[in-house]
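Please have the sequence and the structure open before you as I speak.

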Amino acid sequence: MKSATIASLALVFAALVACQTVNAQDADEAPVRSQLSSGETYGIAEDVCIRDDRPAMLMEVLQGLPEFSIFTAAVQAAGLEDGTLDSAGAKKTIYAPTDEAFEDFFADFNTTSEELLGDAQVLQNIISFHMVPSVVPYKDIYTALLPMFMSQVSVATDLLGNTLSMNLVEMDDGEIMMRVAGYASAAFMDPRSIWACNGVIQGLNYVLVPKTATASVPELGPPEEIDRCQRHAPDPLRNSHK
């Protein structure tokens, strides 16, 4: 996929948030330890596993989750697995779009998986934008946001100078969902955390587009204006605050 393809269509889909169901396997509740709320470091900067019962590295865990097959292939094609996703000393959070999320993204931007995997620069920027050099699971973000409802938390990504913004959104029916905003697109986060030795994976229902993959400044509308997601909120993300 040529960078011009994404750049020329970024404005058209800037406020788009696709709403497919996230079907993560082997997911469980986050540990009681909370980095944001209690200062726990999750073993960051230490060559140890976060949890004794999760010895597999992030890359191995990803490879065992068929719903993230496109993201996994993209990580490998971008050359981002060696030394980062396979080392206990390199803690990461991966906000991973599901295969359904990628298929929606391809349809919206009139491209294909083959084109994306064939554009090394755009691919590396997009995948790095979904990785955080720390451990930031759903529960910690939710805990940080709860006292300041509708405020936001910003998290630095592996893509230098690019951050993700997260806030809680109250849907028309009163349910609470967590919205993750990139530069030119946004997604809802699955509350289920998938733990590995060296990090955590949180599913997303759309692909986040960084500034480096766009040519102009998009305008992300307020969450309440995104009618498509309000009409089709995915079940696994509902009641996520309970």
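This is a predicted model: local features need pLDDT of at least 70, side-chain atom pairs count only at pLDDT 80 or more; totals for chains, interfaces and linings use all residues.

Let me begin with a question: leaving aside its neighbours within four places in sequence, which residues is Ile 94 in contact with? The list consists of Leu 58, Leu 62, Phe 71, Leu 85, His 130, Met 131, Val 200, Ile 201 and Gln 202.

In soluble globular proteins, nonpolar side chains tend to be buried together. Here, the largest nonpolar core has 54 residues. Phe 71, Ile 94, Tyr 95, Met 189 and Ile 201 are the residues with the most contacts inside that core. Helix α7, which covers residues 120–129, gives the core its largest share, namely 5 residues.

Let us now step back to the whole chain. There are 242 residues, and buried residues make up 56% of them. The chain has 9 helices and 7 strands. Of the contacts with a separation of 6 or more, 73% are between residues 24 or more positions apart. As for the surface, the chain exposes about 10,000 Å², and carbon and sulfur atoms supply 50% of that area.

Next, the strands. Strands of a sheet pair through backbone hydrogen bonds, either parallel or antiparallel. In this model, an open sheet of 7 strands shows mixed pairing, and its order is β2-β1-β7-β6-β5-β4-β3. Which are the edge strands? They are β2, residues 131–132, and β3, residues 152–156, and each pairs on one side only. Strand β1, residues 92–97, runs antiparallel to β2, and 2 bridges join them.

A residue from another strand deserves a moment. Ser 165 lies in strand β4, which spans residues 163–170. Is Ser 165 buried or exposed? Its relative accessibility is 18%, so Ser 165 counts as buried, the limit for that word being under 20%. Not counting residues up to four places away in sequence, Ser 165 touches Gln 152, Val 153, Ser 154, Arg 179, Val 180 and Ala 181.

I turn now to a covalent link. A disulfide is a covalent bond between the sulfur atoms of two cysteines. The model contains 1 disulfide. This disulfide joins Cys 49 to Cys 197, with an S to S distance of 2.1 Å. The pair links distant parts of the chain, 148 residues apart. Cys 49 is in the loop between α2 and α3, while Cys 197 is in the loop between β6 and β7. The torsion about the S-S bond of Cys 49 and Cys 197 is about -95 degrees, and therefore the disulfide is left-handed. The two cysteines can also be described by their accessibility. Cys 49 is partly exposed, at 29% relative accessible area, whereas Cys 197 is buried, at 0%.

My last topic is charge. Side chains of opposite charge can pair when their charged atoms come close. The model has 4 salt bridges, and I shall describe some of them. Asp 158 forms a salt bridge with Lys 92, where the closest N and O atoms are 2.5 Å apart. Asp 158 lies in the loop between β3 and β4 and Lys 92 in strand β1, so this pair ties together parts that are 66 residues apart in sequence. Asp 158 is partly exposed, with a relative accessible area of 29%, and Lys 92 is buried, with 10%.

Arg 192 forms a salt bridge with Asp 190, the closest N and O atoms being 2.7 Å apart. Arg 192 is partly exposed, at 30%, but Asp 190 is buried, at 0%. Elsewhere, salt bridges that share partners join Arg 51, Asp 53 and Arg 54 into one network. Within it, Arg 54 forms a salt bridge with Asp 53, their closest N and O atoms lying 3.6 Å apart. Arg 54 counts as buried at 17% relative accessibility, while Asp 53 is partly exposed at 43%.

That concludes the presentation. Thank you for your attention.

Conventions. Residues are numbered from 1 along each chain as its sequence is written. Side-chain values use heavy atoms; hydrogens and water are left out. Helices (H or I, at least four residues) and strands (E, at least two) are DSSP runs, numbered from the N terminus. Buried means under 20% relative accessible area, exposed over 50%, partly exposed in between (1.4 Å probe, protein chains only). Contact means heavy atoms within 4.5 Å. Accessible areas come from the Shrake-Rupley method with a 1.4 Å probe; for residues, only the protein chains shown count as cover. Two strands pair if DSSP finds at least two bridges between them. A disulfide is a pair of cysteine sulfur atoms within 2.5 Å. A salt bridge is a side-chain nitrogen of Lys or Arg within 4 Å of a carboxyl oxygen of Asp or Glu. A nonpolar core is a set of buried Ala, Val, Leu, Ile, Met, Phe, Trp, Tyr and Cys residues joined through side-chain atoms within 4.5 Å.
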